[in-house]
Amino acid sequence: MRKTGIPSLEAIRSCFPDTLVKPKAIIECYEEIPCNPCATSCPVQAITIGEDLNKQPRINFDLCTGCGICISSCPGLAIMVAEEVGEQIRFKIPYEFLPVPEVGENWLALNRQGEVIGEALIEKVLRKNKTLVVSVLVPRDLLYEFISIRRPK
Amino acid sequence: MIEKELVIIGGGPAGLAAARLAAEAGVEVLIIDRMKQLGGQLVKQTHKFFGSKKQYAKFRGIEIAEILSEAALKLKVEVLAEAVVLGIYPDKVLTVLKGEEYIKIKAQAIIIATGASEKVLAFENNDLPGVYGAGAVQTLMNVHGVRPGSRMLMVGSGNIGLIVSYQLMQAGIEVAAVIEASPQIGGYLVHAAKLRRLGVPIITSCTIKKALGSNSVQGAITVRLDEAWQEIPGTETTYEVDGICIAVGLSPLSNLLAMAECRMKYIGELGGLVPILDSSYQTSQNGIFACGDVSGIEEASSAMVEGGIAGLSAAHLLGKVHPQYDELLIDYKQQLSNLRSGPGGVKIRKGLQKMETL
């Protein structure tokens, strides 16, 4: 990842819980940096960093409610929330581009190198401090691949 | 001649933090800044900052600039904007150019928080219009709303290169690639990941060979580097771009410190020629302090904390002790060691160690 900026599949998998029956935060913070808003913004103390700002966040999936407050708190845009909904996954992702997605639109689903891997249905758009939190539905098999969206041309 | 207790040169994160602490201690403070708007480089930063609450983490740079300037102005800190300090004399007299006016100011103490300037890169045709420093690109885009090109090549994958590339994409400018001479990405992986998911390639062990075009940039030729940083023949790639952005690091803007005859030392890990400071951020000249990037290239978060210490110390020297002097000093030193203790702080720790042994 230090060479390409793309995490390995193992690294990605290690950020996910065993089950996503309920929504959970997926934190992809792959190195120690001096930063802790995820931990200080979590209303249920599910995310811990501790006294040393540089430690990577640890998440307790039993406590995490999937509320998504950490999504727009993370300055690195490294957090999303995932939840199984039948044959689909509902992702809540941070998004900072124009135009703003509209509910009901079908956008392109992207992987971690920006390749199109399918479609994402826009379910909800929350405006928070200019970093939007967008809820989308994508096919279940994209669980470990999906990361972001792009407007179709 | 105007007389002031404390003059702070530079109204960026370090200078503004220093102004606030000194003013809280009851010192009469004047900030001199060459720009119209206070905040230094913060005003161009549209991304959210790292750190903890104490350093305004998760706020955007532009918001932090507002928070810091409001706090200083509330304390009646005086500001001389759009003014350039030209000279600094042994009796702490500053000569300043404000428009057409030449002003002399005598200070009892001075804090130099002039920040840094961008490093340049030597390559063929690097003087073509369309070759920009990353700071210029940010000023055009984020301050003036002007697009610097339609498709650009970014040279350098430190945090600035990665962040500015992301901001270019936000402004609707395509980034053809980010190239990096070293074998590894220089900046934070979260910034790299943000950019990769937009489809922007990051190519390590690669440098720019030449810019193409006669009147302005029409392309760029890059070349791969081997382990010894030597060009590998036959690996040239041509990019069709109308802009090239250079983000290969910063050097402390320490001319004024040298002029004040502060003891200086070249420390590569700190970005170049820096003043030798004591633990109160005082230079070898009594009553002249330095903080922020001018004393070593680092993040805005640490610049603010250093500014706080310099502000407290300058006030102390002037006989005005901040009511929370002891607690704040301990807290600031703790914040700095916390910010620097991770893997990203290796370079700065090494540089500061070198300074301590002098």
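This passage walks through chain A as a whole, then one of its strands, and finally a helix of chain B.

The structure is a predicted model, in which local features need pLDDT of at least 70 and side-chain atom pairs count only at pLDDT 80 or more, while totals for chains, interfaces and linings use all residues. Residues are numbered from 1 along each chain as its sequence is written, and chains are lettered from A and ligands numbered from 1 in the order in which they are written.

Chain A holds three helices and nine strands; here helices (H or I, at least four residues) and strands (E, at least two) are DSSP runs, numbered from the N terminus. Read from the N terminus, the order of elements in chain A is α-β-α-β-β-α-β-β-β-β-β-β. The radius of gyration of chain A, 15 Å, is close to the 15 Å that the globule rule gives for 153 residues, so the chain is as compact as a globular protein of that length. This radius is taken over C-alpha atoms, and the globule rule is 2.2 Å times the number of residues to the power 0.38. The C-alpha trace of chain A spans about 45 × 35 × 30 Å along its principal axes. Of the 153 residues in chain A, 41% are buried, that is, they have 20 or more other C-beta atoms within 10 Å of their own, with C-beta atoms placed from the backbone.

On one side of the pairing story, strand β4 (residues 79-85) of chain A is joined to β5(A) by five bridges, and the two run antiparallel; strands pair if DSSP finds at least two bridges between them. Within this pair, E83(A) has R90(A) as its bridge partner in β5(A). The hairpin of β4(A) and β5(A) has two residues between the strands, and G86(A) takes a positive phi near 60 degrees there. Strand β8 (residues 131-139) of chain A also pairs with β5(A), in the antiparallel sense over eight bridges, and Y95(A) stands opposite L132(A) in β8(A).

In chain B, helix α4 (residues 159-170) has twelve residues and reaches 16 Å from its first C-alpha to its last, close to the 16 Å expected at 1.5 Å a residue (1.5 Å times one less than its number of residues). Nine of the twelve residues of α4(B) are buried, so the helix is largely enclosed by the rest of the structure. Among them are I160(B), L162(B) and Y166(B). Just after α4(B), G172(B) takes a positive phi of about 85 degrees.
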